[in-house]
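Work through the following exercises with the sequence and the model side by side. Try each task on your own before reading its solution.

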Amino acid sequence: MTDSIMSKAATMEIPINGNGDTGTLPEDDSLEQAAKLQWSLDEKVGSSRGTRDLQQVMVSGPNLNETSIVSGGYGGTAEGIIPTSSIKGPNMHHSSSSSSMSADQTTRGVAVEKLETVKKWGLNTYKCTKQMISERFGRGSRTVDLELEAQIEVLRDTKRKYESVLRLARALTNHFYNMVQTQHALGDTFAELSQKSPELRDEFGYNAETQKLLCKNGETLLGAINFFVSSINTLVNKTMEDTLMTIKMYENARLEFDAYRSDLEELSLGPRDALAMARIDAAQEQHQLHKEKYERLRSDVIIKLKFLEENKVKVMHKQLLLFHNAISAYFAGNQQQLEQTLKQFNIKLKPPGADKPSWLEEQ
């Protein structure tokens, strides 16, 4: 139909006058109507083809990396074509976004864990503080082990007394060290005067020898006293202190146990709805956990107190015998007995003339 119309329009006669010019044609709209009809038909055909192409694209799906974007109009040069492979869309950043999301999730998990830890610590501190105040004002009950608490009180009293012994022994060591140094200086002075005073050479010489002998015995006694002080210090500030640290942990566990026990008793006296029962079950679980912790630390304290008592008796028996024999031999003037005492307890003295300072000078 279109071809017939176009052929008809093309074969229409155009009248020419004698001079060869075109004459005035009558108003005939057939050519214009044919052109309009051709345009409408082309538009319909293009629309139908576009619909089919769109359907084909939706089914098969184009490869965006192989398509191009034409920057100019129809008939533009190749310079206006931009390959879409050079354009990075959101999908191009999938790996980087995944890694950032993983890092965010890790950070969020750590923050949540810390928050839960702080929350549990705050709740536990609140319950223990409440229990402590209740016990102090006589409104709360506490778990009491009379035998164990008596042993703990005895240990604390013993530690205070041993600290007093240690302080006095150190004071004795300082004073005796000063006396030995004075005797040493006095002996050197007597020896020098014996050389410069011929008329008193014998008298100064006797006193110089006596002071040197006392100085030597005093250094031997200082070795025994230093060993005594070191052993007492280890017993008091390490062995006893370790046991007292375990006792402190036991007392904290006892306080926590009583706090959760009181909390469970309060919940048991309340209503019995579903929410209350859930809270009671959680309180029973916490109560059982703290009860096991309390009993475990109680057993540890009993064992440590037993071994501490045995160790204390063994150490003090040896150290008191050393102290007695060394002091007695020194003030009796028995040099051989004093040296034998040090050999008996395997105490080695610093050789004379050594440049290394003594234990007392290092303090």
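**Exercise 1: H6 and H7**

H6 and H7 are roughly antiparallel to each other, a term that applies to angles over 145 degrees. The structure is a predicted model, in which local features need pLDDT of at least 70 and side-chain atom pairs count only at pLDDT 80 or more, while totals for chains, interfaces and linings use all residues. Residues are numbered from 1 along each chain as its sequence is written, and side-chain values use heavy atoms, with hydrogens and water left out.

Task: State at what angle the axes of H6 and helix H7 cross, and which residues make the contact.

Solution: Two packed helices are described by the angle between their axes and the distance between the axes. Here the axes of H6 and H7 (residues 335–344) cross at roughly 160° and come within 8 Å, where axes are lines fitted to C-alpha atoms over the stretch in contact and angles run from 0 to 180 degrees between N-to-C directions. Next, take the contact, which means heavy atoms within 4.5 Å: Leu321, Leu322, Asn325, Ala326, Ala329 and Tyr330 of H6 meet Gln337, Leu338, Thr341 and Gln344 of H7.

**Exercise 2: H4 and H6**

Task: Decide how helix H4 is oriented relative to helix H6.

Solution: Begin with the geometry, in which H4 (residues 146–196) and H6 (residues 274–331) pack at an angle of about 25° with their axes 12 Å apart. That angle makes H4 roughly parallel to H6, the term for angles under 35 degrees. The residues in contact include Leu148, Ile152 and Phe176 of H4, and Val301, Leu305 and Phe323 of H6.

**Exercise 3: The span of H6**

Solution: Beyond the helix comes glycine 333, which has a positive phi, near 75°.

**Exercise 4: Threonine 220**

Task: Determine whether threonine 220 is buried or exposed, and which residues threonine 220 touches.

Solution: First locate threonine 220 in helix H5 (residues 201–268). Its relative accessibility is 7%, so threonine 220 counts as buried, which means under 20% relative accessible area, whereas exposed means over 50% (1.4 Å probe, protein chains only). Leaving out residues up to four places away in sequence, threonine 220 touches Leu338, Leu342 and Leu349. Finally, for the chain as a whole, 25% of the 363 residues are buried.

Key:
Helix = DSSP H or I, 4+ residues; strand = E, 2+ residues; numbered from the N terminus. Parallel < 35°, antiparallel > 145°, perpendicular 65-115°, else oblique.
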